[in-house]
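Please look at the chain as a whole before turning to single residues. The paragraphs below are meant to be read beside the sequence and the structure.

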Amino acid sequence: MNYLTVENISKSYGEVVLFQDLSFSIHKDQKIAFVAKNGTGKTSILKILSGEDAPDNGNVIYRKDINVSFLSQDPKFDNNLTIEETIFVSDNPVLNIISNYEKALLNPDDIVAYQKAFEAMERHQAWDFETQYKQILFKLKLEKLNQKISTLSGGQKKRLALANALINKPDLLILDEPTNHLDLEMIEWLEDFFAKENITLFMVTHDRYFLERVCNEIIELDEGKLYSYKGNYSYYLEKRDDRIEREAVETGKAKQLYKKELEWMRRQPKARTTKSKSRIDDFSDIKHRAHQRRKDHQVQLELNMERLGSKIIEFHNVSKAFKDKTILNKFEYTFKKGERIGIIGKNGTGKTTFLNILTQTLAPDSGKVIKGDTVKFGYYTQNGIAVKPEQKVIDVIKEFGDYIPLKKGRQISAQQLLERFLFSRKKQYDFVEKLSGGERKRLYLCTVLIQNPNFLILDEPTNDLDIVTLNVLEEFLLDFPGCIMVVSHDRYFMDKIVDHLFVFKGEGDIEDFPGNYTDYRVYEDSQPETPTVKEDKKTDEAVKQNEANKLNYNEQKELKNIESKLKSLTYDKKQLEDKFLNPDLTQDDINKLSEELQGIIDTIEAKEERWFELSEKLED
């Protein structure tokens, strides 16, 4: 079943052409990733699909009556609202159905309107809407429903936007970088959810493990053309390499033919027959194919990095807390030459705070951080680059340096570094404000590298970078001879770059794990979920004791009673709703049944609210 068709769309901004004459379609149950370099119009295409923007030419045709949700990179909310209020001001169609039903209850004389509203409630299962949205919010760790939007972190806002999209139960879900600002635990939950749910997806993401495990098709925009691959990320890489190899062979053949035709053209035959005129017309096409060049760059640099001494960074009994939240608790560590450390942990456990203490931009509450005299930091933060009006790309990087020294007396200039990170010579003289979000992050990365640091710190470097740039960055980092510390939710990136982890578990608990992220997940999955005991009886007693520590006897009993009562109430509600289908009901009968139904609904809501309170206490 076709959900959406894109026909020959084009988009330009002034003289800059993002894309031309692109066509593709999305069908039911497809999970498609859209892959392209930064600055080639990925976000613009998503905005066109969502209706936020329009193409210069072409059409986007949706199947009639399909429900579409769109998750943007940076969702916007009213800061004065709470989490729960935000759900109720969304454009979810179920809210209109509930509103119509509530109006129908206030006008019992209009039997036709009530029947129509009631059937709509049944059809969309709107009776359980509150339970559904609370379940999704709780799964996304948004339990404080009265929390103001203004107090939420970037990750919490992204999760709230995701909740809004999922509550909508869309036929088609369009996602722009869904894993940005989410911690690893939440990414893996989302990964499992999308892999299991029968939901059609069209997404832009740089998370290669996410692509591998969720998507069943990849559409690539490369050099202005679309290519479709019916498989996951591994399949895409294999087939893309095959395609590029074939193109290289074809370009080689075209070059040989071009040389032959060029000689013929230079002889300039006097007799212009019909055949020779046709050959002349074909010459321009042959010339174009012969001069095709891919704009891929391999970063192979032998950096002449400033020497690191024997003393690098030492942490001695370092502690840090904010009010009642402990970040570090007497942390001890001595950094060694060539270390490649990844930092993982849930949002809010203090990863960025740790980096600020490491670079001495934030003082610890107690203990000492000793920095070696030869250490030169390169610190890539999440804040990005400050854009100055009418500043050109090349001018930005030259503020930080003109070249990086290489071995054997060679050097790489600022222009050459930009080229290796996919900024063409023409692009280097564009104004910075014209760059896409991903291109600005790429430029910021170059400003850090041009300073030739020997201790590189990267705080979420993969956010907003396209896969092509990530491959370039990975090649650079694999050859980097100094120390590297990385905070990233990109598991593929972490596996490739780091050799051990600092695992932030919260409340100052930091585990030093000897391996990459995949090694850590295998280790975690191998651990028993409950304490190891010799007998099942002891295990049951341990679980019961653990629950008893969280809920007292009366609360445990109440929780079981609520679960039993909810089943009974749900059955009663269904029986009562069926009575409305009787065509012989009088107006008095309808009024009486409506009051009775509203009483049951109110009781269910009260029971569910108490159930959530007790369940939340049990999970704490």
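This is a predicted model: local features need pLDDT of at least 70, side-chain atom pairs count only at pLDDT 80 or more; totals for chains, interfaces and linings use all residues.

Residues are numbered from 1 along each chain as its sequence is written, and side-chain values use heavy atoms, with hydrogens and water left out.

The protein contains 20 helices and 20 strands; helices (H or I, at least four residues) and strands (E, at least two) are DSSP runs, numbered from the N terminus. Of its 620 residues, 46% are buried. Here buried means under 20% relative accessible area, exposed means over 50%, and partly exposed lies in between, with a 1.4 Å probe and protein chains only. The accessible surface comes to about 33000 Å², and carbon and sulfur atoms account for 46% of that surface. Such areas come from the Shrake-Rupley method with a 1.4 Å probe, and for residues only the protein chains shown count as cover. A contact means heavy atoms within 4.5 Å. Among contacts between residues at least 6 apart in sequence, 69% join residues at least 24 apart.

Ser44 belongs to helix α1 (residues 42–50) and counts as buried because its relative accessibility is 13%. Leaving aside residues up to four places away in sequence, Ser44 touches Tyr13, Leu18 and Phe19. Leu106, by contrast, is exposed because its relative accessible area is 71%; Leu106 lies in helix α3 (residues 93–106). The C-alpha atoms of Leu106 and Ser594 are separated by 9.8 Å, although the two residues are 488 apart along the chain.

The next topic is the backbone angle phi. Most residues other than glycine have a negative phi. Asp29 has a positive phi near 75 degrees and sits in the loop between β2 (16–27) and β3 (31–36). Glu390 also has a positive phi, of about 60 degrees, and is found in the loop between β14 (377–380) and α12 (393–398). Asp29 is partly exposed at 38%, while Glu390 is exposed at 63%.

How many salt bridges does the structure hold? There are 25 salt bridges, each being a side-chain nitrogen of Lys or Arg within 4 Å of a carboxyl oxygen of Asp or Glu. Side chains of opposite charge can pair when their charged atoms come close. Lys230 is exposed at 58%, whereas Glu217 is buried at 5%.

Glu220 and Arg240 form another salt bridge, their closest N and O atoms being 2.6 Å apart. Because Glu220 lies in strand β8 and Arg240 in helix α9, the pair ties together parts that are 20 residues apart in sequence. Glu220 is buried at 3% relative accessibility, and Arg240 is buried at 13%. A further salt bridge joins Lys505 and Glu511 at 2.8 Å from N to O, and Lys505 is partly exposed at 43%.
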